[in-house]
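Let's take a walk through this structure together. Keep the sequence and the 3D view open as you read.

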Amino acid sequence: MSSTFIYLLLFLPFLISADKCNKYDKRALLSIKSAFNNPYLFASWTSSLACCDWYGIECDPEVSDGSRVTSLFVITDSNLTGPIPPAVGDLPFLTTLSFHKLPNVTGNIPSSITRLTRLSILLLSWNSLSGPIPSFLSQISSLTDIDLSFNQFSGSIPPELAKLPSIQQLDFSRNRLTGSIPAEFGNFPKSSPPSLILNHNSLSGDLPVSLGVPEWGKIDLSRNNLTGDASFLFGAGKSTRYIDLSRNEFAFDLSRVTFPVNVTVLDLNHNKITGSIPAQINQVDPTYFPVFNVSYNRLCGEIPAGPITAMFGVDSYFHNKCLCGSPLPPCTSKQI
């Protein structure tokens, strides 16, 4: 048996696989390239090369015949300009769609992505996208992760997103969102709601009490204009690990709160929170607890001594009404 024949037996299946490229997927990708005026970023996107080998393209060999595009990553290029082309909706096997760190990619999210019935991860972060967050995203029931952070989205958060059955993360941080947080978000599964990351927006109003039902693994509402009670987010029996409510206008009695015992980040600074720090804070697992901050509130009373409170310095407690005790100055009779 000749060495050439053996070579062909061993490697011909891989050579055939490498040449595979669904013609409809290739047509959609070349349309995307054309819509962006054929930038250098897509230099490898040519008819002479299988589209599964193009830059930013992945084809899962276990999907269909291995020729269908399942991931599209367009990342880090300031020369890419214009809106996201509607042709992204012509890649029906797509599970991941990523446009990231493209400062001159503008406009709205195209409604054509509702045709992507297999889409799991939608990552459109660090761009200059604008307009409202579209309610039609709720039509893509396969979504598990939506990241629209660091854009210029405005308007209110669509309550329809609470209908997504498998969602694990909603990250709308660092946009220009206004209005209140939808009460419908309290309808997420109690034991497995998504991480809710809404920091650095202009959200306002009181929190819906319904948000106290899900046991958020992570909830970050920091740097908004939210008001009223947020005590219902806490509870010793909850599994929440990350709570950041800092730099809002929340006003509630911290004395009546119990903390999730596995919490690792608890940041309440710059609010209007009253009462005292509950001694129960020292029952939290100290194994990994890097952030605890109640500064710039209206707290009073002695800081309860214990392993958790002792881990943090003055800057976690200062600028309160009459909080005292280590690491702050000793309490006087008027402060206790």
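R256 and D253 make a salt bridge, with 3.7 Å between their closest N and O atoms; the term stands for a side-chain nitrogen of Lys or Arg within 4 Å of a carboxyl oxygen of Asp or Glu. R256 is exposed at 74% relative accessibility, while D253 is partly exposed at 28%. Here, buried means under 20% relative accessible area, exposed means over 50%, and partly exposed is what lies in between (1.4 Å probe, protein chains only).

Before going further, a word on the ground rules: this is a predicted model, in which local features need pLDDT of at least 70 and side-chain atom pairs count only at pLDDT 80 or more, while totals for chains, interfaces and linings use all residues. Residues are numbered from 1 along each chain as its sequence is written, and side-chain values use heavy atoms, with hydrogens and water left out.

Back to the salt bridges: the whole structure has four of them. One of them pairs R68 with D25, with the closest N and O atoms 3.0 Å apart. That pair links distant parts of the chain, since R68 is in the loop between strand 1 (57-59) and strand 2 (69-75) and D25 is in helix 2 (residues 23-35), 43 residues apart. Helices (H or I, at least four residues) and strands (E, at least two) are DSSP runs, numbered from the N terminus. Are R68 and D25 buried or exposed? R68 is buried at 12% relative accessible area, and D25 is buried too, at 0%.

Another salt bridge brings together the side chains of D90 and R115, at 2.7 Å from N to O. This pair also links distant parts of the chain: D90 is in the loop between strand 3 (82-83) and strand 4, and R115 is in the loop between strand 5 and strand 6 (121-123), 25 residues apart. D90 is partly exposed at 36%, and R115 is partly exposed at 43%.

Now for the strands, where two count as paired if DSSP finds at least two bridges between them. Strand 2 is largely enclosed by the rest of the structure, because five of its seven residues are buried. Strand 1 and strand 2 run antiparallel and are joined by three bridges, with E58 standing opposite S71 of strand 2. Strand 2 and strand 4 run parallel, with five bridges between them, and I75 has H100 in strand 4 as its bridge partner.

On to the disulfides (pairs of cysteine sulfur atoms within 2.5 Å). How many does the structure hold? There are four, and they follow the pattern 1-2, 3-4, 5-6, 7-8, with bonded cysteines counted along the chain. C21 and C51 form one of them, with sulfur atoms 1.9 Å apart. This link is right-handed because the torsion about its S-S bond is about 115°. C51 is buried, at 0%.

C52 and C59 form a disulfide as well, with their sulfur atoms 2.1 Å apart. With -90° about the S-S bond, this one is left-handed. C52 is buried at 17%, and C59 is buried at 17%. Further along, C324 is joined to C331 with an S to S distance of 1.9 Å, and the link is right-handed, with 95° about the S-S bond. C324 is buried at 1%, whereas C331 is partly exposed at 21%.

K101 is not a glycine, yet its phi is positive, at about 55°. You'll find K101 in the loop between strand 4 (96-100) and strand 5 (102-107), partly exposed at 37%. R223 is not a glycine either and has a positive phi of about 55°; look for R223 in the loop between strand 14 (218-220) and strand 15 (225-228), partly exposed at 40%.
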